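Here's a quick tour of a structure with several chains. Have a look at the picture first, then read on for the main points.

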Amino acid sequence: MGALGKPIILMVAMYVFLKFVLPYIPGSAPLPSSLIVLYLLLTAAGIVIFQTLSGESKDAFWGPMQRFLTGENIGGMQAIRYAVLILFPLLVGWQTYGSTAASDVPPSESRTIHPAPPGEYTGLSNPVQKTPENIMQGKGFYAAFCSPCHGANFDGKGPAARGFNPPPANFADPTTIAMLQESYLFWRIKKGGVGLPIEGAPWKSAMPRWEAELPDEWIWKIILGEYDGAHQSPRTWE
Amino acid sequence: MSEVAQLQLIALSIVGFGIVVLLFIKSTFVRVIGFVAIVLGLFSLMSLAVPQLASLPPAEEKVDIASIKTPTDIAAIGQTVFFSKGQCALCHSIGPSESARCPDLKGIGAKLSKDFLYESLTDPQAFVYQDFRHGGVPKEYPATMPAINKDPIGLSKNEILAVIAFLQQMSGEPISVSTSELEIPGKAPSAPVKAAEAAAVAVAQAH
Amino acid sequence: MQQGVGTIERALRAVGGHGGWLAGLLLIAGWLALPSIGLAAEGATTGPTEYRDIPYIGSRNLIWIVAQLHLLLAGFVLGVPIFAWLCEVVAWRGGEKRYDKLAKEFTKLLTSAYSTTALFGGILLFLLVAFYPKLMNYLTDIFFPSFLLYCLLFLLETATLYLYWYGWDAMQEGNKKTLHIFLGFLLNFFALFIMIVPNAWATFQSSPVVISDGTAIERAWAATWNPTWWPINIHRLIANVVLGGYICGAYAGIRYLSSRNTEEREHYDWMGYVGNFIGVFGLLALPFAGYWLMREIYQYNQQMGITLMGGFLSWLFIIQAMLIGVLFLGSNYYFWLGITYRIPGSESKYRKPMLWMLVSLLLCLAVWMTPHSLVASIEEAQKMGGAHHPLLGVLGVMSAKMTVSNLMILITFMSFVMYWRAGKQDTAGWATFGKAVMGSVLVLASIAVIVLGVWGYFVPAIVRINYFSTSQVLIVIFVILTITPLTALLLKSAKTTTEMVWGSMPPRAGYALVLNAVMVILLMTLMGYARSSSRVHWHVYGVMRDSSPYAYSPALGSASLIMAFCTFSFCMIVAFIFWVATMGDKAKAGHGAAKGELPHGIPAMAGGSPDERR
């Protein structure tokens, strides 16, 4: 049972680790089931590859399984074999039914947080000079229009933020505006949530379409103020 | 049944076909086909398991002259033209860029007058600095500026003016293109834009 | 006439409301419907016709399938001569006759493979002219000088190919052999140009440059020299070698599975090894070429780069990572099987290193396959606080992926070196020192790659892309370039303790070879879809808009069935080509008394293999 027992223990240990250990490491969170399945699949692939590297290990690994499924004179195992042969297809059928039947669980969501901007917004650069006055002005506009949601500290924790899911972007987080260019911010501010392409799930974002309210120059100044206030700098490509 | 479920069913039956072949058929070649079927079916199942996104083409924008009220509206149209029909962004960038093959247009609206810009777009060789050089390393794929109002790009006068307005806006300049300059179909054309310099090729000294 | 088409379409719609998804399976119906192209033309509109359609399968899908098959076949006929020529040179310099035999065996395929490719090219051209007149008009206008050049190249290539193949036996000795080798070089030389000329047309579509006035040749030249032309040329050249190698491996694998005597088993086992080796060799260089291509795309147009890597195609790259992962695992698995089965008694010695390599390979794969934004239900997403996992999210970005792909290349290379050294004992006095040097180079390189990868998180993107990723690549290349000659030198004086036993591999080795070939073909079809979809709704990116009803890009799932169909058809076509080419051998062998035990004259490729397989 050694060659077969160890892999089973390994799989179980892997599952326990992913499900019950990893989420409780500080700074972590529960893994979605899709990721757990992926890692378990990799583990299983590794086990099969390793166990079939040589003739002996392959026989030790497959032998018991083969005997169980096709061998003769296995005594009491006979009943278990039939049980497995009947239950396994039923299990597959149940899974298939479960995945296709109508349910009240909302479908998995996959929202691209930073989708590709339309062509006319990729190559812009800020026409407003980066002077202290302009930055101050931008921060002023920010305080008036943006801070209710994105927060006076640029941390996405404004007084109105709690009402939204997904939450307003946290500009202090290095994976938000620090990963983007000024032109990208210009597009997002100007066109708002409704201006997102379909992969960005425009119906989910509550960001207003500011082009209706603010002139372009103000938006550019807000961008200057935002980067300065959040202590980030825009991404540069080549 | 949703479309994805139908496709999953197809992929599953391909896998099933492969398994049946491997279980019951002895001929090597058919067995390999069965094996390939399993692999391909699993590939399709995997592709069906990730989020399904189709990319739909955006609606084509038709410019309506009547909707243009302010110079900013003109610049907005210019922005679209600059990055699509006008093909300007194939070579030029706004702001420094290593990959751009041609001069950076940042601040060009502040440096040059409207009429000069118009001439540069329609007759690019009319006014060329002697000893003109790019700053920095030579560009990998240099290109010659084509006349924008001729084929294959063939922008109309309105579109060129819109691009100029956009360039002025991107330079932080007041837009000097006014709505009255635009040609409205059916009306007599307004006064032609005068050339910046004499018709002959002007040569200037430059650093 | 319009009426008639309408009725047909309505009838078809009535037959199955799910026409879309059946389309891929009903290609045959599409072929039969070819004559109706004429009927489907839009007649009533004014001005020149821009698009034509074909009922049921749709013009775009038909073009897609034919273009993909043409491209795969083209990759095959360009990869095989490189492969064959390399083998011939090895035989010529090294004097091993079996390499010459192998080269000849593959060149034999070329004539039929070449005509099949040309056939599909012709079909593709007619379909393009019929379905997309507007686009073809535009491209012809720009590229017609290179169209003529392409025709000329075809004449040269065909002539060289005929000389090369039919002159094989006549040009075996002395100077004649040198001439033959030169002919082989010439064949590959023309083949290279046959590849890069149409590459210019395709790359112009995704990265056009401005065409100014000038003569026809100047215009064509300017358009040819577009930013992604050379990256694609290099990428495809290497990929073709990989394809040729792995298909050779798969062919050997199938023949090995169905071989009946020791002689055949030994020969095809060895052929599978050579094919896998050449495939892996190319595979090691492929990620670098791909990285360069991606960089050029980002430089050319960020929007296209983001669409590919972060936008609507981002999931495609997770699938790609999985396929490449299977390919790496499959290739290494074959190496490892080779060690345990071909070198008797080595299993216990190499079991530990293999386990370590496998574990590190799987860890790298796990990192590579972890997406940045995860598939999660709303409940799960709330627990994570968004679509990114707070801890594992860091594995989803480019810095991590670059690092692990470099490490995977290193591991695969080590696997190969291990295979190379297996069963040999070093006798050189400096062996210990040499091994220590190699070991430390490897360890230091791995550490450097990982350090650069981790450091990459803390520097601006531009520094990471320009310096860190490039250094990682250079480090890996450095390792390959130092260890290969050192090992070769070490083995020159080494004593062989255990001879390699050919023909003792288990059947799963044959299936592993087939799996690798299928993965390469699937990857090529997948990236074909990626290249086409990255242009989104443009024929020529940013210049000519696709205004046909097929301007949308289909979702990955429904596209995957068409990709699977293309892969399967290609495998069948290649199997057919192999079958046709080897039919003569079988007949000859059947007449000779040597293989009297052949039960019937059906070639093994056709499934006529014996039932006594066990």
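Let's start where two chains meet: 51 residues of chain C are in contact with 39 residues of chain B. Keep in mind as you go that this is a predicted model.

**Where chain C meets chain B**

- On chain C, the elements that give two or more residues to the side touching chain B are α10 (229–257), α11, α13, α19 and α20 (556–591).
- Which of them gives the most to that side? That would be α20(C), with nine residues.
- Sort the residues on this side of chain C by class and you get 34 nonpolar, 14 polar and three charged.

**Where chain C meets chain A**

- Chain C also touches chain A: here 46 residues of chain C are in contact with 40 residues of chain A.
- Six helices of chain C each supply at least two residues to the side that touches chain A, namely α11 (262–300), α12 (302–309), α13 (314–342), α14 (347–369), α15 (378–384) and α18 (461–492).
- The largest share of that side comes from α14(C), which puts in eight residues.
- By class, the side of chain C facing chain A has 27 nonpolar, 15 polar and four charged residues.

**Chain C as a whole**

- If you count the secondary structure elements, chain C has 20 helices and four strands.
- Of the 614 residues in chain C, 48% are buried.
- Look at the contacts in chain C with a separation of 6 or more: 79% of them are between residues 24 or more positions apart.

**The domains of chain C**

- Chain C is divided into domain 1 (2–42 + 51–57), domain 2 (61–113 + 133–340 + 517–579) and domain 3 (347–375 + 387–421 + 424–497).
- How many Å separate the centres of domain 2 and domain 3 of chain C, taken over C-alpha atoms? The answer is 27 Å.
- The contact between these two takes 19 residues from domain 2 of chain C and 21 residues from domain 3 of chain C.
- On the domain 2 side of chain C, α11 and α13 each supply at least two of the residues that touch domain 3.
- The largest share of that side belongs to α13(C), with 13 residues.
- In terms of class, the domain 2 side has 13 nonpolar, five polar and one charged residues.

**A pair of helices in chain C**

- The axes of α13(C) and helix α19 (residues 507–534) of chain C come within 9 Å and cross at roughly 155°.
- Angles over 145 degrees count as roughly antiparallel, and α13(C) and α19(C) are therefore roughly antiparallel to each other.
- Their crossing is left-handed.
- Among the residues making this contact are Leu316(C), Ile319(C) and Leu323(C) of α13(C), along with Leu513(C), Met519(C) and Leu526(C) of α19(C).
- The contact of α13(C) with α19(C) has 19 nonpolar, four polar and no charged residues.

- Is α12(C) mostly covered or mostly uncovered? It is mostly covered, with seven of its eight residues buried.
- Those buried residues are Gln302(C), Gln303(C), Met304(C), Gly305(C), Ile306(C), Thr307(C) and Leu308(C).
- The cover over them includes α11 and α19 of chain C.
- Let's zoom in on Met304(C), which sits in helix α12 of chain C.
- Why does Met304(C) count as buried? Because 25 other C-beta atoms lie within 10 Å, and the cut-off for buried is 20 or more.
- Leaving aside neighbours within four places in sequence, Met304(C) is in contact with Ile297(C), Ser534(C) and Tyr541(C).
- Met304(C) and Ser207(C) are 97 residues apart along the chain, and their C-alpha atoms are separated by 9.6 Å.

**Inside chains B and A**

- In chain B, helix α1 (residues 3–24) and helix α2 (residues 28–49) pack at an angle of about 155°, with their axes 7 Å apart.
- That angle makes α1(B) roughly antiparallel to α2(B).
- The way α1(B) passes α2(B) is a left-handed crossing.
- The residues of this contact divide into 19 nonpolar, five polar and one charged.
- Over in chain A, there is a division into domain 1 (2–98) and domain 2 (119–229).
- The centres of these two domains of chain A, taken over C-alpha atoms, are separated by 49 Å.

Definitions and conventions:
Residues are numbered from 1 along each chain as its sequence is written. Chains are lettered from A and ligands numbered from 1 in the order in which they are written. This is a predicted model: local features need pLDDT of at least 70, side-chain atom pairs count only at pLDDT 80 or more; totals for chains, interfaces and linings use all residues. Two residues are in contact if their C-beta atoms, placed from the backbone, lie within 7 Å. Ala, Val, Leu, Ile, Met, Phe, Trp, Tyr, Cys and Pro count as nonpolar, Asp, Glu, Lys and Arg as charged, and the others, Gly among them, as polar. A residue is buried if 20 or more other C-beta atoms lie within 10 Å of its own, exposed if 12 or fewer, and partly exposed in between; C-beta atoms are placed from the backbone. Axes are lines fitted to C-alpha atoms, for helices over the stretch in contact, and angles run from 0 to 180 degrees between N-to-C directions. Angles under 35 degrees count as roughly parallel, over 145 as roughly antiparallel, 65 to 115 as roughly perpendicular and the rest as oblique. A crossing is left-handed if the near helix is turned anticlockwise from the far one by less than a right angle, and right-handed if clockwise. Domain bounds come from an automatic or database domain assignment.
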